[in-house]
Amino acid sequence: RIVITTQPADTFAKEGVTAKVPVTALGDGLTYTWYVKNATDSTYGKSSIASATYSVKMSDKAHGRSVYCVIGDAHGNQVQTNTALVRRQASITTDLTTGYAKKGAKVSVKVTAKGDGLTYQWYIKNAGATKYSKSSVTSANYATTMSASSKNRLVYCIVKDKYGKTVQTSTVTLKMK
């Protein structure tokens, strides 16, 4: 007899990081056979993974993948787990770099990120200020006119996906040329 003690659960991983979907079970001589279906596939295929944990490096292909496991025991019994989804959480693919502009010109910094339903919130701290404040900018690109007040402004962005997972960019300075 096989008893599943922990079912596979939906898993999130950042781009390039290994996503792991474990299952735990009790029984004699357990074997594990994972089945996978990519988001663009119509049927499941057998995975080469034969351990209690399914793992895959997060990529465009792995994002949205459905997985389940068939667990067998030494007596010929088999049981199938629930299905879990492997999803990419918000991750930054190109971080910010310092922005330079002449006085009166536009200065901008941009973040490139991957994930589902991304939103952007920028935070700024002017030179001499003691704390950051929320900017009205909610796109991937932060832009302002270079002036005495924006010179040496510190900026960063928090990127959030539709699952509520967030990632923060580095903090950079807006510099006047």
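Strands are DSSP runs of E covering at least two residues, helices are DSSP runs of H or I covering at least four, and both are numbered from the N terminus. The model described here is predicted, so local features are reported at pLDDT of at least 70 and side-chain atom pairs at pLDDT 80 or more, while totals for chains, interfaces and linings use all residues. Residues are numbered from 1 along each chain as its sequence is written, and side-chain values rest on heavy atoms, with hydrogens and water left out.

**Overall form**

The protein chain has zero helices and 20 strands. Its radius of gyration is 23 Å, whereas a compact globule of 177 residues would have one near 16 Å; this radius is taken over C-alpha atoms, and the globule rule is 2.2 Å times the number of residues to the power 0.38. Along the principal axes, the C-alpha atoms fill a box of roughly 75 × 35 × 20 Å. Of the 177 residues, 38% are buried, a term that means under 20% relative accessible area, with exposed set at over 50% and partly exposed in between (1.4 Å probe, protein chains only). Contact means heavy atoms within 4.5 Å. Among contacts with a separation of 6 or more, 58% join residues 24 or more positions apart.

**Salt bridges**

The structure holds five salt bridges, each defined as a side-chain nitrogen of Lys or Arg within 4 Å of a carboxyl oxygen of Asp or Glu. Three of these pairs are listed below.

| Pair | Closest N to O distance |
|---|---|
| Arg-87 and Asp-10 | 4.0 Å |
| Arg-88 and Asp-60 | 2.5 Å |

In the salt bridge between Arg-87 and Asp-10, Arg-87 belongs to strand β10 (residues 84-88) and Asp-10 to the loop between β1 (3-6) and β2 (11-13), so the pair ties together parts 77 residues apart in sequence. Asp-10 is partly exposed, at 42% relative accessibility.

Asp-60 pairs with Arg-88 in a salt bridge, linking the loop between β7 (53-57) and β8 (65-72) to strand β10 across 28 residues. Arg-88 is buried, with a relative accessible area of 6%, whereas Asp-60 is exposed at 52%. Lys-114 is partly exposed, at 26%. Through shared partners, salt bridges join Glu-15, Asp-60, Arg-88 and Lys-114 into one network.

**The loop between β19 and β20**

Thr-169 and Thr-171 can be considered together. Thr-169 is placed in the loop between β19 and β20, and Thr-171 is found in the loop between β19 (166-168) and β20 (172-176). Thr-169 is buried, with a relative accessible area of 5%, but Thr-171 is partly exposed at 39%. A polar atom of the Thr-169 side chain lies 2.9 Å from the backbone nitrogen of Cys-157. The C-alpha atoms of Thr-169 and Ile-92 are 7.2 Å apart, although 77 residues separate them along the chain. Beyond four places in sequence, the contacts of Thr-171 are Tyr-132, Leu-154, Val-155 and Tyr-156.

**Arg-153**

Arg-153 occupies the loop between β17 (141-145) and β18 (154-160). Arg-153 is buried without a salt bridge, and the nearest side chain of opposite charge, Asp-95, is 17 Å away; Lys and Arg count as positive and Asp and Glu as negative, with His and the chain ends not counted. The Arg-153 side chain makes a polar contact of 2.5 Å with that of Asn-126. A polar contact is a pair of N or O atoms within 3.5 Å; within protein, one must be able to donate a hydrogen and the other to accept it, and residues adjacent in sequence count only if both atoms are side-chain atoms.
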